[in-house]
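Subject: Structure handover and notes

Dear colleague,

I am passing on the structure below, and after it you will find my notes on what turned up when I went through it. Please keep it open while you read.

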Amino acid sequence: MDTRDTEIPSELAVDGSWEDTYMDLAPSGPARDDDETPDYGALSSRPQTLQDHLEWQLGLTHFTDSDRTLAELVVDAVRPDGYLGAQLDELIGAGQETLGRPVDTDEMLAVLHRVQRFDPPGIAARDVAECLRLQLQQLPETPQRAGAQRVVQHLALLAAGDYRALTRATGLKDD
């Protein structure tokens, strides 16, 4: 084994400075008044929309070519509030027109359900009950989750305040 001195010198020769090499990465935005640290919030690009977020997730999800086309139709139909802004038959019609072949209900529903697993939970729901159901599905298993899922199936009874009918329909106790 070679025992020569292998100590690294404290000053190494360099042929440039950090600023020369990484100038493009250095922030050029406005500095805050209290010090010279740049305001990185002012450097960000336009705010990301819900549509941008869904399209990003769509790009990360494996779909067949035809399913991707259908998923793009679903994502495009999501309103800014997160709900699906088109009826299923409208999506099927648009899918048939875009793909140039028949699209059946099961195929469109399968794609819709995959998009509904995107973030945020409840996305592309067709109504409040479906939104709550989708959100509950993404929560970890707890004893309360199962009961909440049964209540969501009878949301009209809950909205009407008919707790007696709700307990009969769900099998849950009054408390």
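The accessible surface of the protein chain comes to about 12700 Å², and carbon and sulfur atoms make up 52% of it. Please bear in mind that this is a predicted model. Of the 175 residues in the protein chain, 27% count as buried. The chain has 10 helices and 0 strands, and the order along the sequence is therefore simple to write, as α-α-α-α-α-α-α-α-α-α. Among the contacts in the protein chain with a separation of 6 or more, 40% are made by residues 24 or more positions apart.

Let me begin with the interior. In soluble globular proteins, nonpolar side chains tend to be buried together. Here the largest nonpolar core has 23 residues, and V74, L84, L91, M108, V115 and F118 are those with the most contacts inside it. Two or more residues of this core come from each of helix 3 (50–60), helix 4 (65–76), helix 5 (88–99) and helix 6, and helix 4 gives the most, with 5 residues. If we set aside residues up to four places away in sequence, V74 touches L84, L91, M108, L112, V115 and A124.

A124 is placed in the loop between helix 6 and helix 7, and it has a positive phi of about 65 degrees although it is not a glycine. Is A124 buried or exposed? Its relative accessibility is 0%, so A124 counts as buried. P120 lies in the loop between helix 6 and helix 7 as well, and the peptide bond that joins D119 and P120 is cis, with omega at about 5 degrees. Both features are worth noting, because most residues other than glycine have a negative phi, and most peptide bonds are trans.

V78 and R126 are 48 residues apart along the chain, and their C-alpha atoms are separated by 9.7 Å.

E107 has its place in helix 6 (residues 105–115), and its side chain makes a polar contact of 2.7 Å with the side chain of R101. Leaving aside neighbours within four places in sequence, E107 is in contact with S66, D67, L70, R101 and P102. The charged end of R114 sits over the ring of F63, at 4.2 Å from the centre of that ring. How many aromatic pairs does a search of the whole structure find? The search finds 0 of them.

Finally, please look at T167, which is found in helix 10 (residues 163–170). T167 is buried, with a relative accessible area of 17%, and a polar atom of its side chain lies 2.8 Å from the backbone oxygen of R164. Beyond its neighbours within four places in sequence, T167 is in contact with L172, K173 and D174. The C-alpha atoms of T167 and V151 are separated by 8.8 Å, and these two residues are 16 residues apart along the chain.

With best wishes

Key: Residues numbered from 1 in each chain as written. Predicted model: local features only at pLDDT ≥ 70, side-chain atom pairs only at ≥ 80, totals over all residues. Heavy atoms only, no water. Phe/Tyr/Trp six-rings, centres within 6.5 Å; stacked < 30°, edge-to-face > 60°. Lys NZ or Arg CZ within 6 Å of the ring centre and 35° of its normal. Helix = DSSP H or I, 4+ residues; strand = E, 2+ residues; numbered from the N terminus. Polar contact = N/O pair within 3.5 Å; in protein donor to acceptor, adjacent residues only side chain to side chain. Contact = heavy atoms within 4.5 Å. Buried < 20%, exposed > 50% of the residue type's maximum accessible area, 1.4 Å probe, protein only. Areas by Shrake-Rupley, 256 points an atom, 1.4 Å probe, with all protein chains shown as cover. Core = buried A, V, L, I, M, F, W, Y, C linked by side-chain atoms within 4.5 Å.
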